[in-house]
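Thanks for asking me to look at this one with you.

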Amino acid sequence: MGQDPGEIRQDIEQTRERMGDTVEALGHKTDVTGRAKDAVSSRVDSVKSKVTGTTPDSGEVKDGAKRAAGIAQENPLGLAIGAAAIGFVGGLLIPSTRVEDDKIGPMADQVKEKVKETGQEAMDRGKDVAQQAAQSAKDTAQEAGREHADGLKGTAQQKAQETREETGSTA
């Protein structure tokens with residue numbers, strides 16, 4: 001027939017727990033920086049574990065050198081493009097000279113500043129969206145909880161009234 005008040009209280013507590021879990025899960029989803037840190041940390045650990053203990057022995061080095069020589073003979077254009085790419089990356093890693101700083105420095109500083117501003121704007125927008133999503137989820141969960149509690153309260157009152165009526169009719 002109906003639920004007794006103990007069952008209703010238990011149902012309310014279960015609903016509160018589920019809402020708490022939902023709000024907690026939404027909080028985790030909106031914590032972009034925390035999840036990004038976790039992802040980076042796990043990737044760093046993964047790379048470290050792959051690198052550890054993978055030093056090749058002399059036989060593997062010789063085999064690799066033979067394969068590289070064979071590839072270079074078969075595809076000299078690819079070798080030239082690869083060498084150019086390595087040179088480009090090397091040039092980026094080497095500190096700039098005073099002449100380069102004088103000629104390109106102001107423009108490089110402007111580009112760096114613009115990139116920094118754009119990155120900061122993107123971070124700020126991301127934080128705003130995350131906060132709005134969290135607040136919306138919280139509001140929705142609270143409203144659903146209130147509606148559920150009101151429904152349970154109405155059911156409890158109805159059952160109490162029915163019990164009183166049954167008790168009054170048997171007396």
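1. A word on terms before the fold itself: helices are DSSP runs of H or I with at least four residues, strands are E runs of at least two, and both are numbered from the N terminus. Please keep in mind that this is a predicted model. With those terms, the protein has five helices and zero strands, and reading along the sequence gives the pattern α-α-α-α-α. The radius of gyration is 33 Å, well over the 16 Å that the globule rule gives for 171 residues, so the protein is more spread out than a compact globule.

2. The overall dimensions are worth a look next. Along its principal axes, the C-alpha trace spans about 105 × 50 × 25 Å. For a distance you can check on screen, take A133 and D102: they are 31 residues apart along the chain, and their C-alpha atoms are separated by 47 Å. A133 is found in helix 5, and its relative accessible area of 39% makes this alanine partly exposed.

3. How much of the protein is buried? Buried residues make up 6% of the 171 residues. The accessible surface comes to about 14100 Å², and carbon and sulfur atoms account for 58% of that area.

4. Now to the pockets. Rolling a probe the size of a water molecule over the atoms shows where empty space is left. The largest pocket holds about 260 Å³ of space. Its lining is made of G91, L92, I94, P95, S96, E100, D101, I104, G105, A108, D109 and K112. Helix 4 (76–93) and helix 5 (98–170) each supply at least two of the lining residues. Helix 5 gives the most, with seven residues. Sorted by class, the lining has five nonpolar, three polar and four charged residues.

5. The second largest pocket has a volume of about 170 Å³. To find it in the viewer, select T30, D31, V32, T33, M123, G126, K127, A130 and Q131, which line this pocket. Two or more lining residues come from each of helix 2 (32–51) and helix 5. Which element provides the largest share of this lining? That is helix 5, with five residues. By class, the lining of the second largest pocket has three nonpolar, four polar and two charged residues.

6. On to charged pairs. Side chains of opposite charge can pair when their charged atoms come close. With a cut-off of 4 Å between a side-chain nitrogen of Lys or Arg and a carboxyl oxygen of Asp or Glu, the count comes to three salt bridges. I take them one by one below.

7. The side chains of R16 and E13 meet in a salt bridge, with 3.0 Å from N to O. Both residues sit in helix 1 (residues 5–30), and because they are three residues apart, about one helical turn separates them. R16 counts as exposed because its relative accessibility is 52%, and the cut-off for that class is over 50%. E13 is partly exposed, at 39%.

8. E143 forms a salt bridge with R146, and the closest N and O atoms are 3.0 Å apart. This pair belongs to helix 5, where E143 and R146 lie three residues apart, about one turn of the helix. Are the two partners buried, partly exposed or exposed? E143 counts as partly exposed at 37% relative accessibility, and R146 counts as partly exposed at 44%.

9. The remaining pair to look at is E162 with K159, a salt bridge whose closest N and O atoms are 3.6 Å apart. E162 and K159 also both lie in helix 5, three residues apart, about one turn of the helix. K159 counts as buried because its relative accessibility is 19%, and buried means under 20%. E162, at 23%, counts as partly exposed.

10. If you have a few minutes with the model, here are two views to start from. One is the lining of the largest pocket, where helix 5 gives seven residues. The other is the pair of K159 and E162 in helix 5, with K159 counted as buried and E162 as partly exposed.

Note on methods: Residues are numbered from 1 along each chain as its sequence is written. This is a predicted model: local features need pLDDT of at least 70, side-chain atom pairs count only at pLDDT 80 or more; totals for chains, interfaces and linings use all residues. Side-chain values use heavy atoms; hydrogens and water are left out. On a 1 Å grid over the protein atoms alone, a cavity is a set of points where a 1.4 Å probe fits but cannot get out, and a pocket is an open set with protein on both sides within 12 Å along at least five of seven lines; lining residues have an atom within 4 Å of a point. Grid points are joined across faces, edges and corners, and a volume is the space filled by probe spheres set on the points. Ala, Val, Leu, Ile, Met, Phe, Trp, Tyr, Cys and Pro count as nonpolar, Asp, Glu, Lys and Arg as charged, and the others, Gly among them, as polar. The radius of gyration is taken over C-alpha atoms; the globule rule is 2.2 Å times the number of residues to the power 0.38. Buried means under 20% relative accessible area, exposed over 50%, partly exposed in between (1.4 Å probe, protein chains only). Accessible areas come from the Shrake-Rupley method with a 1.4 Å probe; for residues, only the protein chains shown count as cover.
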